[in-house]
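Open the model in your viewer and keep the sequence panel beside it. This tour tells you what to select at each stop and what you will find there.

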Amino acid sequence: PVVANALFDALTYRAVPIDPAHVPKTGAMIVVLPAGKVRAREYPDGETAAPLTVQRARYAVSLAKRTGLPLAIPGGNYRGALSEAELTRRFVEDELHHPVALIEEASLDTRQNALNLVEPLRSRHVDTVVLVTDARHMPRAAQAFHAAGFNVVRAPMAITGRNGELSVF
């Protein structure tokens, strides 16, 4: 844990929360990357969005409300009944009461998330993604979306302090 926390700190402590005033208002869409799902027999389909997925989605909705940008959710189904995108969409629409403009359900990793969103976003004249993921995942995720040809505006969350603690007050 000591080494892991030090490595996570190196990736996250310099991350800066996004200022919604600096987000493009046209040609952009918020893309929230799910972080898995968990078995949950208490739900009708026996699964639900993982806790980190819920955190990311909650932050993405907050940004969407502050910027007026639409929301896209990629994420396939590597096991279980529903895709990560569908589970996240249900959480956002049913529990947070916010519309989702687009889901992509074929991708199985971050690179595929980016590649599989190229055509759907380009057809909507979107060339900039406001990328929502946790700070430790952001470098790799931003690189994948940049390599797919998008302008990337980083919107990190779960930013830690120097000692591996979440920056909360």
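Select β1 and β6. These two strands run parallel and are joined by 5 bridges. The model is a predicted one, so treat the stops below as features of a prediction. Click Ile30 in the pair: Val130 in β6 stands opposite Ile30.

Ile30 stands opposite Leu71 in β4.

Is β1 mostly covered or mostly open? Colour the strand by burial to see. It is mostly covered, with 5 of its 5 residues buried. Look at the two sides in turn. Ala28, Ile30 and Val32 are buried on one side. Met29 and Val31 are buried on the other.

**The whole chain**

Zoom out and show the cartoon. The protein chain has 5 helices and 7 strands. Of the 169 residues in the protein chain, 46% are buried. The accessible surface comes to about 9000 Å², and 55% of it belongs to carbon and sulfur atoms. Then think about contacts along the chain. Take those between residues at least 6 apart in sequence: 67% join residues at least 24 apart.

In soluble globular proteins, nonpolar side chains tend to be buried together. Here, select Ile18, Ile30, Leu63, Leu71, Val92, Val130 and Val132. These residues have the most contacts inside the largest nonpolar core, which has 25 residues. Who supplies this core? β1 (28–32), α2 (51–67), β4, α3, β6 (128–134) and β7 (151–157) each give at least two residues. The most comes from α2, with 7 residues.

Centre on Leu63 and show its surroundings. Leaving out residues up to four places away in sequence, Leu63 touches Ile18, Pro20, Ile30, Gly68, Val130, Val132 and Ala155. There is also a second, separate core of 18 residues. To find it, select Val31, Val126, Val129 and Ala144, which are among its members.

**The salt bridges**

How many salt bridges does a search of the whole structure find? The search finds 7.

Start with Lys37 and Glu47. Their side chains meet in a salt bridge at 3.5 Å, N to O. Lys37 is in strand β2 (residues 37–39) and Glu47 is in strand β3 (residues 47–49), so the pair ties together parts that are 10 residues apart in sequence. Are these two partners buried or exposed? Lys37 counts as buried because its relative accessible area is 7%, under the 20% cut-off. Glu47 is buried too, at 8%.

Move to Asp45 and Arg90. Their side chains form a salt bridge at 2.7 Å, N to O. This pair links distant parts of the chain: Asp45 is in the loop between β2 and β3, and Arg90 is in helix α3, 45 residues apart. Asp45 is partly exposed, with a relative accessible area of 37%. Arg90 is partly exposed at 30%.

Stay on α3 and pick Arg89 and Glu86. Their side chains meet at 2.6 Å, N to O, in another salt bridge. Both residues lie in helix α3, 3 residues apart, about one turn of the helix. Glu86 is buried, with a relative accessible area of 12%. Now select Asp45, Glu86, Arg89, Arg90 and Glu93 together. A network of salt bridges links these residues.

**Last stop: Asn77**

Select Asn77. Where does it sit? Asn77 is in the loop between β4 (71–74) and α3 (84–95). Asn77 is partly exposed, with a relative accessible area of 31%.

Show its side chain and check two distances. A polar atom of the Asn77 side chain lies 3.3 Å from the backbone nitrogen of Arg79. The side chain of Asn77 also reaches the backbone oxygen of Gly80, at 3.1 Å.

Finally, show the contacts of Asn77. Beyond neighbours within four places in sequence, Asn77 is in contact with Lys37, Leu82, Ser83, Glu105 and Leu108. Draw a line from Asn77 to Leu108, C-alpha to C-alpha. These residues are 31 apart in sequence and 7.0 Å apart in space.

Conventions. Residues numbered from 1 in each chain as written. Predicted model: local features only at pLDDT ≥ 70, side-chain atom pairs only at ≥ 80, totals over all residues. Heavy atoms only, no water. Helix = DSSP H or I, 4+ residues; strand = E, 2+ residues; numbered from the N terminus. Buried < 20%, exposed > 50% of the residue type's maximum accessible area, 1.4 Å probe, protein only. Contact = heavy atoms within 4.5 Å. Polar contact = N/O pair within 3.5 Å; in protein donor to acceptor, adjacent residues only side chain to side chain. Salt bridge = Lys/Arg side-chain N within 4 Å of Asp/Glu carboxyl O. Core = buried A, V, L, I, M, F, W, Y, C linked by side-chain atoms within 4.5 Å. Areas by Shrake-Rupley, 256 points an atom, 1.4 Å probe, with all protein chains shown as cover. Pairing = 2+ DSSP bridges.
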